Protein chains: 2
Amino acid sequence: MSVQLDSESRVKDDDHVALKLWLRLLTCTNLVESQLRGQLRESFDSTLPRFDLLAQLDRHPEKLTMGELSSLMMVSGGNVTGLVRQLEKEGLVSRTPAKTDRRTFLVGLTRKGKKYFDRMAESHENWVIELFAGLDHDAQEALMNALSRLKSSVMGAGAWNGVPRSGTGVSRPGG
Amino acid sequence: MSVQLDSESRVKDDDHVALKLWLRLLTCTNLVESQLRGQLRESFDSTLPRFDLLAQLDRHPEKLTMGELSSLMMVSGGNVTGLVRQLEKEGLVSRTPAKTDRRTFLVGLTRKGKKYFDRMAESHENWVIELFAGLDHDAQEALMNALSRLKSSVMGAGAWNGVPRSGTGVSRPGG
DNA sequence: ACAAAATATTTTAAATGTAAAATATTATAT
DNA sequence: ATATAATATTTTACATTTAAAATATTTTGT
């Protein structure tokens, strides 16, 4: 049937380079995400958002507020509310009111959550290494540099509204 | 509070280069996607998946089956079923049974859908160009090359299960 | 021809996601 | 002090997404 296999196929010959670039970026991300999601499900019966939330807490042992989690994960506040509730019910994270501000909650890994995360994180890193193994170290450096520039470009472009975080004014220099 | 603004912040200093690379890739994609989603909503009261589906049909004027759409968009079949149903109800796409195979449906843009898409596509391309404007042409070429290599790497790595397309055996050389 | 396997799609159930409104609390400006 | 604005989170309503099961049809093997 000779049909391409991914989103890039929608690029027309006369399309702008930037558009091709964006679609290839999206394709790569989708491919990696699919692999990781599948592995996480098969090996640990878990999901990417759960893993990502635990990873943020592991990276920030000083505990994080709901809003910080929302910013870091680049998802809406309501989304975080649901995920934290779920993980708290399973005893993987703790959620305690802040002393100084009664609006705020501090979220952190429990011992059980830390163990659970560490187990997954090791496998996760190996999966990523394997997926990127086709690029030698220089190629990885080159890609990292290119992506750094892209990140700056995107964050600099237009009026920056940020990632949807309804009801949160965090990180809106233009707002 | 001095907390970073995106997923990369979960990288620890001793983490493997590939992991940093993956998180930066994810961050860039999330940033671009958020911008485009917001613009699409504000300017056209539409969404990315709707746009993507129409774009695939525009790219393939010979019409596509549900399964081909699923592969091209890298989303599950059930997802395509819902999107096509919605767009068909709005008169933007047509969905006709194939002559030779009664399991199969052929989906294509209606005249109304083509107009609707063209209007969005122009803005969409301009948004992308603007988001990538911080990279000069050489940098864009470099990034494209790096991503090409990454795509090959990911598609070559491990047993390729492909993107989740439940109930679809498409493109599984290993299955 | 006929059973079994493969394929294409839809349906289902549950998870994830957004955006906007609602609630509660804290900060600011008279 | 008190009204107003800003902030942090939750709730609500709904859209999207996946994975698996179900359905329908075609293909394959014998």
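Reply: Two strands pair if DSSP finds at least two bridges between them. Helices (H or I, at least four residues) and strands (E, at least two) are DSSP runs, numbered from the N terminus. This is a predicted model, where local features need pLDDT of at least 70 and side-chain atom pairs need 80 or more, while totals for chains, interfaces and linings use all residues. Residues are numbered from 1 along each chain as its sequence is written, with chains lettered from A and ligands numbered from 1 in the order written.

Me: Good. In what order do the three strands of the open sheet in chain B come?

Reply: Look at the edges: strand 1 (64-65) and strand 2 (93-97) of chain B each pair on one side only. Strand 1 of chain B is joined by two bridges to strand 3 (residues 105-109) of chain B, and the two run antiparallel. The sheet is open, its pairing is antiparallel, and the order is 1-3-2.

Me: Which residue is the bridge partner of B:L64?

Reply: Strand 1 of chain B has two bridges to strand 3 of chain B. B:L64 takes part in this pairing, and in strand 3 of chain B its partner is B:V107.

Me: At what angle does helix 4 of chain B run to strand 2 of chain B?

Reply: Angles here run from 0 to 180 degrees between N-to-C directions, with axes fitted to C-alpha atoms (for helices, over the stretch in contact). Helix 4 (residues 77-89) of chain B lies across strand 2 and strand 3 of chain B. Its angle to strand 2 of chain B is about 115°.

Me: Which residue in strand 3 of chain A stands opposite A:P97?

Reply: For the other pairing, A:T65 stands opposite A:L106. A:P97 faces a residue of strand 3 of chain A too, namely A:F105.

Me: How many of the eight residues of helix 3 of chain A are buried?

Reply: Buried means 20 or more other C-beta atoms within 10 Å of a residue's own, exposed 12 or fewer, partly exposed in between, with C-beta atoms placed from the backbone. On that count, A:G67, A:E68, A:L69, A:S70, A:S71, A:L72 and A:M73 are buried in helix 3 of chain A. The cover includes helix 2, strand 1, helix 4 (77-89) and strand 3 of chain A. Helix 3 (residues 66-73) is therefore largely enclosed by the rest of the structure, and the number of buried residues is seven.

Me: And what share of the 175 residues of chain A counts as buried?

Reply: Helix 3 of chain A is largely enclosed. For chain A as a whole, the share is 34%.

Me: Is A:D45, with its positive phi, buried or exposed?

Reply: A:D45 is in the loop between helix 1 (17-44) and helix 2 (48-59) of chain A, with phi near 50° although the residue is not glycine. A:D45 has 7 other C-beta atoms within 10 Å, so it is exposed.

Me: What is the phi of A:K63 near?

Reply: A:K63 is in the loop between helix 2 and strand 1 (64-65) of chain A. With 17 C-beta neighbours inside 10 Å, A:K63 counts as partly exposed. Phi is positive in this residue, which is not glycine, and is near 75°.

Me: Last one: how far apart are the axes of helix 6 of chain A and helix 1 of chain B?

Reply: Residues are in contact if their C-beta atoms, placed from the backbone, lie within 7 Å. Helix 6 (residues 137-156) of chain A and helix 1 (residues 17-44) of chain B pack at about 25°. Their contact is made by residues including A:L143, A:L147 and A:L150 on one helix and B:L21, B:L25 and B:C28 on the other. The distance between the axes is 10 Å.

How values were computed
Two residues are in contact if their C-beta atoms, placed from the backbone, lie within 7 Å.
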